[in-house]
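Here is a short report for a reader new to this structure. Start with the display below, then read on.

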Amino acid sequence: MPLELSHITLVVRDLERSTAVITDIFGGREVYSSGDNAFSVAREKFFVVGDMWLALMEGEPLPQCTYNHIAFKIAEDEIDDYLAKIKALGLKIKPGRRRVAGEGQSIYFYDYDNHLFELHTGTLDVRLQHYPNTNNPSPN
């Protein structure tokens, strides 16, 4: 059986505050909340975002010092709408990196616990087509 992504767990300081990021920006649907009954190592909430399982677990936040991030695909015409949602929650927007023309646009932002997210308009195929001097075959 080939490996598939099971879920992503993010450690957050405040479950309720972080729920707004998952529901308001990513359109996540909350499907479980442990309340005060922690069956794992801490209180947690589970969400479905698209077809993905995303878990939030209470704990100490990360330092804001890395490029490790989780990226979600969005349509080009949705950029302004997502920027408005991010700003409405008072989240920090990180300046984007230099890009090769044609590889898509991105919005980078930190949640309340310094997780870096990217909203990206491109695909892997498009990116590989626009990177100069690549001999990478299409992954599909």
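Is D80 buried or exposed? The model is predicted. In it, D80 has a relative accessible area of 61%. That value is over 50%, so D80 counts as exposed.

D80 belongs to helix 2, which spans residues 79-88. On the surface, D80 is part of a patch of negative charge. E76, D77 and D81 gather there with D80.

Now turn to G59. This residue sits in a loop. Strand 4 (52-58) and strand 5 (69-73) are the elements that the loop lies between. How does its exposure compare with the cut-offs? G59 has 25% relative accessibility, which lies between 20% and 50%, so G59 counts as partly exposed.

The two residues can be set out side by side.

| Residue | Place | Relative accessible area |

D14 is 45 residues from G59 in sequence. In space, the C-alpha atoms of D14 and G59 are 8.2 Å apart.

Last, the whole chain. Three helices and eight strands make it up. Along the sequence their order is β-α-β-β-β-β-α-β-β-β-α. The chain has 140 residues, and 36% of them are buried. Among contacts with a separation of 6 or more, 54% join residues 24 or more positions apart. The accessible surface is about 8,800 Å². Carbon and sulfur atoms hold 52% of that surface.

Terms used: Residues are numbered from 1 along each chain as its sequence is written. This is a predicted model: local features need pLDDT of at least 70, side-chain atom pairs count only at pLDDT 80 or more; totals for chains, interfaces and linings use all residues. Side-chain values use heavy atoms; hydrogens and water are left out. Patches are made of residues with over 30% relative accessible area and no salt bridge: like charges are joined within 9 Å, nonpolar side chains (Val, Leu, Ile, Met, Phe, Trp, Tyr) within 5 Å. Accessible areas come from the Shrake-Rupley method with a 1.4 Å probe; for residues, only the protein chains shown count as cover. A salt bridge is a side-chain nitrogen of Lys or Arg within 4 Å of a carboxyl oxygen of Asp or Glu. Lys and Arg count as positive and Asp and Glu as negative; His and the chain ends are not counted. The place of a charge is taken as NZ of Lys, CZ of Arg, CG of Asp or CD of Glu. Helices (H or I, at least four residues) and strands (E, at least two) are DSSP runs, numbered from the N terminus. Buried means under 20% relative accessible area, exposed over 50%, partly exposed in between (1.4 Å probe, protein chains only). Contact means heavy atoms within 4.5 Å.
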